[in-house]
Amino acid sequence: MVKSEEELSWKDLGVGCVVNEPGNASQYKTGDWRSIRPVWDKEKCIRCGVCYLFCPDMAIGKTGEGYFETDLYYCKGCGICVQECITGCIKMVEEEE
Amino acid sequence: MGKRIGIENSLAAAEAIMMANVDVVAAYPITPQTHIVEHLSELVADGELDAEFIPVESEHAAMSVCCGSSAVGARTFTCTSSQGLALMNEIVFIAPSLRLPIVMILANRSMSGPLSIWNDHTDVMSIRDCGWIQVFTENGQEIFDHVMFAFRVAEDPKISLPLIVNVDGFTLTHVIEPIEYWDQETVTKYLPDFKPVNVLDPDHPVTMGAFGMPSIFTEAKKSQDQALINSKPGIVQAWEEMGKLTGRHYRPVETNCAEDAETVFLTMGSFGETVSIAVDELRKQGKPVGQIKIRLWRPFPFEEFRQAVQGVKKIIIVDRAISYGGPGGPVAGEIRSLLYGEDNMPVITNFLCGLAGRDVTPEDYIAMYEKSEAMKGIVREEDYIFYGVRE
């Protein structure tokens with residue numbers, strides 16, 4: 001998509017608003033929904049990857065050091081990673097903070 | 001052209017759908033649409049029509065199946081009435097937003113309650129704003145012709161919108177009339193193969209019916225509205241070409257004795273024929289009366305309508321549905337709105353009649369004319385009248 005959704009005029013829309021390119025869910029910024037975000041404490045993290053496995057949006061990825069972080073473009077702030085984390089190393093913080 | 005035969009209009013409609021080489025029929029039986037669907041089912045069972053007849057469990061499923069079959073590029077037909085349309089309602093709005101060229105015959109019947117199987121226009125008016133192309137027919141021949149017209153227009157790649165052919169229940173569906181069948185050669189000439197604009201195909205994946213955020217919804221609706229407005233030239237062209245092939249000429253707004261008329265009746269559907277008898281009688285009495293029939297209800301033919309009422313002093317609008325607690329019948333409400341602010345705006349009188357199949361005779365129309373003659377201006381209490389109601 002050349003234009004973002006906010007820039008499209010009604011004339012840019014195809015017949016029946018059909019989406020012709022598959023796999024474009026990745027362009028959808030679900031991070032907008034978030035009011036709280038996960039923060040990892042590297043001291044406690046054992047790099048097990050449970051948070052990565054459970055993230056329903058596949059927003060969590062591995063850093064070069066083997067730790068985990070979330071992609072804030074997609075992370076909705078659901079907190080499932082916090083719930084599933086074995087060591088309790090993740091906590092949710094308010095976006096305003 | 002083909003042969004002229006006496007046949008029940010519903011059976012002729014089913015045979016027209018067969019001649020149009022439909023691929024999928026999904027429908028649930030409901031009075032007074034039943035004979036159309038029953039006959040289609042027979043034609044498929046007897047091997048005369050090579051199509052999928054899907055006997056669904058409800059009208060909601062019928063329209064859902066139609067969306068699916070149209071989306072994969074199958075020529076698709078369904079048919080319903082009244083409560084069936086109400087049950088289908090959710091998906092009826094989705095078909096035009098996806099620009100799926102489904103054809104529906106709506107055998108017009110009143111909405112319950114009281115429970116009624118008889119004819120009026122309360123069903124179609126309940127989906128007035130659904131986004132389908134909507135046309136009205138007046139007799140069996142018009143139904144037959146408009147089956148061909150419907151597929152041709154709906155599937156026109158420049159249009160690609162679903163289309164409803166309104167057929168008055170019983171008054172048209174259950175009568176035997178002489179109908180001139182088209183020959184197959186003419187059908188083939190008039191109705192090209194369906195080449196869908198979008199197709200659901202696993203080899204070329206697309207998403208139909210995607211989620212629309214508030215940031216894009218208004219644009220989607222504007223685009224849909226414009227598509228319906230832009231369908232008019234293709235609609236007119238389809239009628240013109242049919243005129244050349246059949247000698248029967250249809251227009252968005254049709255008139256009878258309206259050129260020099262001071263008062264015109266305005267109807268949609270089969271009531272037009274009865275009104276024409278009343279117009280003849282009133283003309284014999286020297287009254288300057290004519291009639292206007294709206295054939296194309298959506299997209300509304302504003303230009304043709306304004307042209308048709310040029311010089312008219314009074315419009316008697318015959319409505320067959322009620323907008324409870326509103327501005328009278330839905331047709332009158334729209335006509336008042338579109339003529340508002342015009343120079344020499346005609347006086348509009350609005351009669352609600354023919355509800356749930358109650359007969360309206362030529363004498364009744366003459367009585368409406370006489371009553372409206374006494375009404376000289378827009379008087380709020382007279383904005384709409386339940387004609388013939390027992391006080």
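**Walking through chain B**

Mentor: The domain assignment of chain B gives domain 1 (4–245) and domain 2 (253–386); such bounds come from an automatic or database domain assignment. This is a predicted model, in which local features need pLDDT of at least 70 and side-chain atom pairs count only at pLDDT 80 or more, while totals for chains, interfaces and linings use all residues. Residues are numbered from 1 along each chain as its sequence is written, and chains are lettered from A and ligands numbered from 1 in the order in which they are written.

Trainee: How many residues of domain 1 of chain B are in contact with domain 2 of chain B?

Mentor: 28 residues of domain 1 of chain B are in contact with 19 residues of domain 2 of chain B. Two residues are in contact if their C-beta atoms, placed from the backbone, lie within 7 Å. The C-alpha centres of the two domains of chain B lie 28 Å apart.

Trainee: Which element gives the most to the side of domain 1 of chain B that touches domain 2 of chain B?

Mentor: E6(B) does, with four residues. Helices (H or I, at least four residues) and strands (E, at least two) are DSSP runs, numbered from the N terminus. On that side of domain 1 of chain B there are 11 nonpolar, 12 polar and five charged residues. Ala, Val, Leu, Ile, Met, Phe, Trp, Tyr, Cys and Pro count as nonpolar, Asp, Glu, Lys and Arg as charged, and the others, Gly among them, as polar.

Trainee: Back inside chain B. At what angle do H7(B) and H10(B) pack?

Mentor: The angle is about 140 degrees, and the axes are 10 Å apart. Axes are lines fitted to C-alpha atoms, for helices over the stretch in contact, and angles run from 0 to 180 degrees between N-to-C directions. H7(B) is therefore oblique to H10(B): angles under 35 degrees count as roughly parallel, over 145 as roughly antiparallel, 65 to 115 as roughly perpendicular and the rest as oblique.

Trainee: Which residues of H7(B) make the contact?

Mentor: B:Asp145, B:Phe149, B:Arg152 and B:Val153 of H7(B) do. On H10(B), the residues include B:Ala238 and B:Trp239.

Trainee: Is B:Arg152 buried or exposed?

Mentor: B:Arg152 counts as buried because it has 26 C-beta neighbours inside 10 Å. A residue is buried if 20 or more other C-beta atoms lie within 10 Å of its own, exposed if 12 or fewer, and partly exposed in between, with C-beta atoms placed from the backbone. Leaving out residues up to four places away in sequence, B:Arg152 touches B:Tyr190, B:Leu191 and B:Ala238.

Trainee: And H11(B) against H14(B), at what angle do they pack?

Mentor: About 60 degrees, with the axes of H11(B) and H14(B) 8 Å apart. H11(B) is thus oblique to H14(B). The contact of H11(B) with H14(B) has eight nonpolar, one polar and one charged residues.

Trainee: Which residues are buried in H13(B)?

Mentor: In helix H13 (residues 330–339) of chain B, B:Pro330, B:Val331, B:Ala332 and B:Ile335 are buried. Their cover includes H6, strand E10 (263–267), strand E13 (314–319) and strand E14 (347–352) of chain B.

Trainee: New topic: the backbone. Where are there cis peptide bonds?

Mentor: One joins B:Thr31 and B:Pro32, with omega about 0 degrees. Another joins B:Gly113 and B:Pro114, where omega is about 5 degrees. B:Pro32 lies in the loop between strand E2 (24–26) and helix H2 (34–45) of chain B. Most residues other than glycine have a negative phi, and most peptide bonds are trans.

Trainee: Which residue other than glycine has a positive phi near 55 degrees?

Mentor: That is B:Cys257, in the loop between strand E9 (253–256) and E10 of chain B. B:Cys257 is partly exposed, with 16 other C-beta atoms within 10 Å. B:Arg99 is not a glycine either and has a positive phi of about 60 degrees. B:Arg99 counts as buried, with 26 C-beta neighbours inside 10 Å.
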